[in-house]
Amino acid sequence: MNRVLIIVGDATETVDTLYPYYRLIEGGYEPVVAAPEKRLYQMVLHEVKPGWTITKEWEGYTIQADIAFKDIKEEEYLGIFFSGGRAPEYIRDDEDLIRITQHFFEKNKPVASVCHGVEIPARAGCVKGRRMATVPKCQFDLEVCGGIFVNEPCVIDGNMVSGRTYHDHGQYIGPWMKMLDEARDQF
């Protein structure tokens with residue numbers, strides 16, 4: 001088993017998505033881009049510019065979704081990655097995505113989340129009592145759903161690895177990849 005889901009939607013953050021995508025390939029995994037529909041999605045670049053108090057957004061690359069949420073058989077996947085950007089806010093209520101997310105937590109499979117990605121497992125009821133990193137503006141979303149906000153570049157809590165923003169990729173992706181390796185070795 002070497003397939004890993006990467007969850008996206010329009011306005012998914014470009015670096016949040018492409019860094020783990022290529023790391024998965026490098027690690028011998030098959031990244032499978034999943035979204036509400038099987039189509040091309042517009043990614044964005046997010047950055048808080050010096051002197052700004054809010055995030056500025058630019059268009060990034062596009063990415064093709066390999067599969068729609070409704071067509072996913074979650075037992076066929078080793079792990080899941082929740083990318084950041086604005087997409088999680090808009091896709092988190094999708095019933096199939098909630099089902100998929102709950103499966104990965106219930107089966108203790110490797111999960112990673114960055115930035116706004118936390119909004120999906122939070123909405124799916126999977127963060128209660130869990131320590132997680134996220135972008136500070138999502139602290140409320142995490143805590144209102146029972147999670148514990150930790151302002152660090154890598155937070156590991158059980159099967160969940162999380163980072164705050166793409167600046168943390170070098171800190172949390174490695175531990176998540178190690179979890180994937182250990183899970184793959186069990187098959």
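Start by selecting Lys109 and Phe104: lysine 109 lies over the face of phenylalanine 104, 5.1 Å from the ring centre. The rule for a charge over a ring is NZ of Lys or CZ of Arg within 6 Å of the ring centre and within 35 degrees of the ring normal. Arginine 39 does this too, with its charged end over the ring of tyrosine 41, 3.9 Å from the centre.

Keep in mind that this is a predicted model, where local features need pLDDT of at least 70, side-chain atom pairs count only at pLDDT 80 or more, and totals for chains, interfaces and linings use all residues. Residues are numbered from 1 along each chain as its sequence is written, and side-chain values use heavy atoms, leaving out hydrogens and water.

Next, pick Trp176 and Phe81. Their ring centres are 5.6 Å apart and the planes sit at 50°, so this pair is tilted (Phe, Tyr and Trp rings, the six-membered one for Trp, pair with centres within 6.5 Å; under 30 degrees is stacked, over 60 edge-to-face, the rest tilted). Phenylalanine 81 is in strand 7 (residues 79-82) and tryptophan 176 in helix 6, so the pair ties together parts 95 residues apart in sequence. Helices here are DSSP runs of H or I, at least four residues, and strands are runs of E, at least two, numbered from the N terminus. Both Phe81 and Trp176 are buried (under 20% relative accessible area; exposed is over 50%, partly exposed in between, with a 1.4 Å probe and protein chains only).

Stay on Trp176 and show its surroundings. Among the residues that tryptophan 176 touches are Val4, Pro20, Leu24 and Ile80, with contact meaning heavy atoms within 4.5 Å.

Now zoom out to the largest nonpolar core, 54 residues, where Leu5, Ile7 and Trp176 have the most contacts inside it. Helix 6 (residues 169-185) supplies the largest share, seven residues. Such a core is a set of buried Ala, Val, Leu, Ile, Met, Phe, Trp, Tyr and Cys residues joined through side-chain atoms within 4.5 Å.

Last stop: charges. A salt bridge needs a side-chain nitrogen of Lys or Arg within 4 Å of a carboxyl oxygen of Asp or Glu, and the count comes to 14. Select Arg123 and Asp93, which meet at 2.7 Å, N to O. This pair links distant parts of the chain, with arginine 123 in helix 4 (residues 119-123) and aspartate 93 in the loop between helix 2 (87-91) and helix 3 (95-106), 30 residues apart. Then try Asp168 with Arg164, bridged at 2.9 Å; aspartate 168 counts as buried at 4% relative accessibility.

Key. Lists of a residue's contacts leave out its neighbours within four places in sequence.
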